[in-house]
Amino acid sequence: MSNRPEIQAPPEIFYDDAEARKYTSSSRIVEIQAQLSERALELLALPEDGVPRFLLDIGCGSGLSGETISENGHHWIGLDISASMLNVAVEREVEGDLLLGDMGQGLGLRSGVIDGAISISAVQWLCNADKSSHEPRLRLKAFFGSLYRCLSRGARAVFQVYPENLAQRELILRQALQAGFGGGLVVDYPHSTKKRKEFLVLTCGPVQTSIQTSKDEFGESCSEDDNSEDEENGMVCVSDRNRPKKKQRTNKKGKGKGKEWVLKKKEQSRRKGNDVPADSKYTGRKRKSRF
C-alpha cells in the first residue's frame, strides 16, 4: 500500500485521535514542519517593517506551522478538516484561532482581510475524490476562488505540496491561475530525491516578472539563469506563469458576428417556436463605441 496518507483515507478519518497525537509527538515531524513553515514564510515575502500581519494557515493540523508564524511575530487563523488535530492544537494552547472546515468547500472569510496564507502538505488532498460528490477540479476551483477573495491585493499565498504526479501538479496550478492568481512553482533541491520540496507561490493581483530563487543541493540559491541546465535534466528550479488572457471569440473568418449570423440565429429560434422580434433595418447593425 502507498505510504501517502491521502491515498489511504480521507483526512478527517485518517487523522483520528491516535494518529493526531502520534503525528504531533514525533520529533522528526515537528522539525520538518518547522523547516517547511520557515521556508513558506520566507517565500511569503512579508514587509520587514515590524508590523504584525494576519495570516491564514490552511490545513493547520495540530498547530505546528502556526507556532512558527507566532514565533515570527504574526497573528494567524488556522483551518483544518480534522477535529482530532484541532483538539490537539487546543490542548497545546496554540496562539492562533482555529476553524473546523473543508477547504474544498471554500473559505468562509470576509473579503480582503488576510495579509498572506501558507499551507504545508495539504492542498494535494483536494486532488482525491473521497466521496461520490467530490470532483477535484470543482473543489480546487472553490478553494482558490474563495482564497483569492479573502486575500488583500498584492498578498501572497505559499503552498508546500506533494503532488503525486505531473497531472496533479498541472491541475492545481491551472485552477490557481484560473482563479486570478499569478505566480508559479519554486522547487528546492531539485536534484535531490529526499530533500526535494515544491512550493506553489501565488500572488493576489499584479505579479512580478520573477518569483523567488530556489535552493540547490548545497543550500545555495539558484536563479532563473540556472534553469537551462535543469531543463536538460528534466528538472526546473522555478517556473513563472501568469494568468492566461481570455481570447475573444471570433468566427472562422476572424471577424465579429455580422448581420447574416444574427438573421440565421433568429430564424433558428423561430423554428423552435420561440418569440423572436421582427427583423428591421437595425438588425445586426454594429453599435457605435459610444453614444
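Buried means under 20% relative accessible area, exposed means over 50%, and partly exposed covers what lies in between, using a 1.4 Å probe and protein chains only. Keep that handy for the tour.

A word on what you have open: this is a predicted model, where local features need pLDDT of at least 70 and side-chain atom pairs count only at pLDDT 80 or more, while totals for chains, interfaces and linings use all residues. Residues are numbered from 1 along each chain as its sequence is written, and side-chain values use heavy atoms, leaving out hydrogens and water.

**The whole protein**

Start with a cartoon view. You'll find ten helices and ten strands; these are DSSP runs numbered from the N terminus, with helices (H or I) of at least four residues and strands (E) of at least two. Of the 291 residues, 42% count as buried. Among contacts (heavy atoms within 4.5 Å) with a separation of 6 or more, 65% are between residues 24 or more positions apart.

**Stop one: Arg53 and Asp49**

Now for salt bridges: a side-chain nitrogen of Lys or Arg within 4 Å of a carboxyl oxygen of Asp or Glu. The whole structure holds twelve of them. Select Arg53 and Asp49, whose side chains meet in one at 2.7 Å, N to O. Is Arg53 buried or exposed? Arg53 counts as buried because its relative accessibility is 17%. Asp49, at 44%, is partly exposed.

**Stop two: Arg92 and Glu67**

Next, select Arg92 and Glu67, which form a salt bridge at 2.5 Å, N to O. This pair links distant parts of the chain, 25 residues apart: Arg92 sits in the loop between helix H6 (83–91) and strand E3 (97–100), and Glu67 in helix H5 (residues 64–71). Arg92 is partly exposed at 28% relative accessible area, and Glu67 is partly exposed at 29%.

**Stop three: helix H10**

Finally, select Glu267 and Arg270. Their closest N and O atoms are 3.5 Å apart, making a salt bridge. Where do the two lie? Both are in helix H10 (residues 259–271), three residues apart, about one turn of the helix. Glu267 is partly exposed at 33% relative accessibility, as is Arg270 at 30%.
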